[in-house]
Amino acid sequence: MRDRFRDLEGPLAVRKKDVVLMATVSSFENLSHPTRSELRQFAELFMPLFQASSDEAKRQAVAALSQCENMPAAVALFIGNQPIEIAAPFLAASKAIADDTLITIARMQGAAHVKAIVSRNSLSPKVIDALVALRQSQPRSTAASAPITESPTVPLSPAPAPAETNEADALQEQRVANEEALRERILSLAGHLGRADEDRLGLRTLTDIQEALLVRFARSREAMHFATALADALSASRWLAERIMLDLSGQQLATTLTSLGMGFLDAVFVLERLYPHLAEQQHNVTRGWMVLDALDPEECHERVEAWRRADRYTYKPEAANAPALQETPNHRFVNQAPAQRDMRILGRRSR
């Protein structure tokens, strides 16, 4: 009978430790803003209990702690150095791991831990540079271990021959190529790469002729012709082009020119010619320059596309409306001012 109880004593003790571990983790989760004393007490209790618990309890505890906002640095380092099947969710999701802790774990552990770190939603430039440097050092250790495996009995290595020097240069070039490839891969995964300014794939873009016409009409301050060219560039109604130009602050026209991909200097020139107040100097640059420089191209694309969608829902193509316009020349509402008169007023004000 005593022998039977001795056989059960081990599993019961482990199960008891599992219960205590999960109770400790649950109590720590309920602390929204733990103090330094509470963090220190948790670190002192957690590590011994974790080591004495079963693998299943360890996985559950790590999964729960990966959702905590605050974590003692010692506990984070301790969990991160556990086998990858236990530490993976913590390395990939925890917001409580400092950058220095991630770098230390990556240097101490293998490729599986590094892969879990790379899968995080965001990585700081500091961590990215450390991972790239770690990748760069891997071929060097492999090349250093090769002579030992080939001739372990040679006490001293001979002077490098020319062939070995060429091989070392090749390894160096390969190492640099691997570093650049890994850097681009990590940056892509971390979401640090955006659309380049010159990448206009899938976006509405001015042709050379359209851009030249807009600049020419702006130079001569021919507002009516400029509105026609702008409507053609937008593939929209003339009403939308005139409505954009009637914003005397120049903000809407600046948004439109940025969305269409007009060159920055040409867009500044257009704004300053059509809206003379934007040519005033402020902080060594003009107000038109400042208006364009403050715009985000992605936001401009979204806003202009929203204007074009609203324009399509409101106005039909002019060709379809041509017969109706001939039959009913007074088609405008009584209280609506004709667009041509508005544009003439804009032209006079510009002069």
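Reader: Which helices each supply at least two residues of the nonpolar patch?

Author: They are α14 (264-274) and α15 (287-293); helices here are DSSP runs of H or I with at least four residues, strands are runs of E with at least two, and both are numbered from the N terminus. The model is predicted, so local features need pLDDT of at least 70 and side-chain atom pairs 80 or more, while totals for chains, interfaces and linings use all residues. Residues are numbered from 1 along each chain as its sequence is written, and side-chain values use heavy atoms, leaving out hydrogens and water.

Reader: What makes the nonpolar surface patch?

Author: Phe264, Leu265, Trp289 and Met290 make it, with an area of about 370 Å². Patch residues have over 30% relative accessible area and no salt bridge; nonpolar side chains (Val, Leu, Ile, Met, Phe, Trp, Tyr) are joined within 5 Å, like charges within 9 Å. Areas come from the Shrake-Rupley method with a 1.4 Å probe, and for residues only the protein chains shown count as cover. Trp289, in helix α15, has a relative accessible area of 34%, so this residue passes the 30% limit.

Reader: How do you know that Asp100 and Lys126 meet in a salt bridge?

Author: Their N to O distance is 2.5 Å. A salt bridge needs a side-chain nitrogen of Lys or Arg within 4 Å of a carboxyl oxygen of Asp or Glu, so this pair qualifies. The pair links distant parts of the chain, 26 residues apart: Asp100 is in helix α6 (residues 99-108) and Lys126 in helix α8 (residues 125-150).

Reader: Why is Asp100 called partly exposed?

Author: Its relative accessibility is 45%. Buried means under 20%, exposed over 50%, and partly exposed in between (1.4 Å probe, protein chains only), so Asp100 belongs in between. Lys126, at 44%, is partly exposed too.

Reader: What makes Arg308 buried?

Author: Arg308 has a relative accessible area of 8%, so it falls under the limit for buried. Its salt-bridge partner Glu305 (3.1 Å, N to O) is partly exposed at 28%. Both lie in helix α16 (residues 297-314), three residues apart, about one turn of the helix.

Reader: Why do Glu280 and Arg287 count as a salt bridge?

Author: The closest N and O atoms are 3.5 Å apart, so the pair meets the cut-off. Glu280 is partly exposed at 42%, and Arg287 is partly exposed at 29%.

Reader: How many salt bridges does a search of the whole structure find?

Author: It finds five, among them the Asp100 and Lys126 pair.
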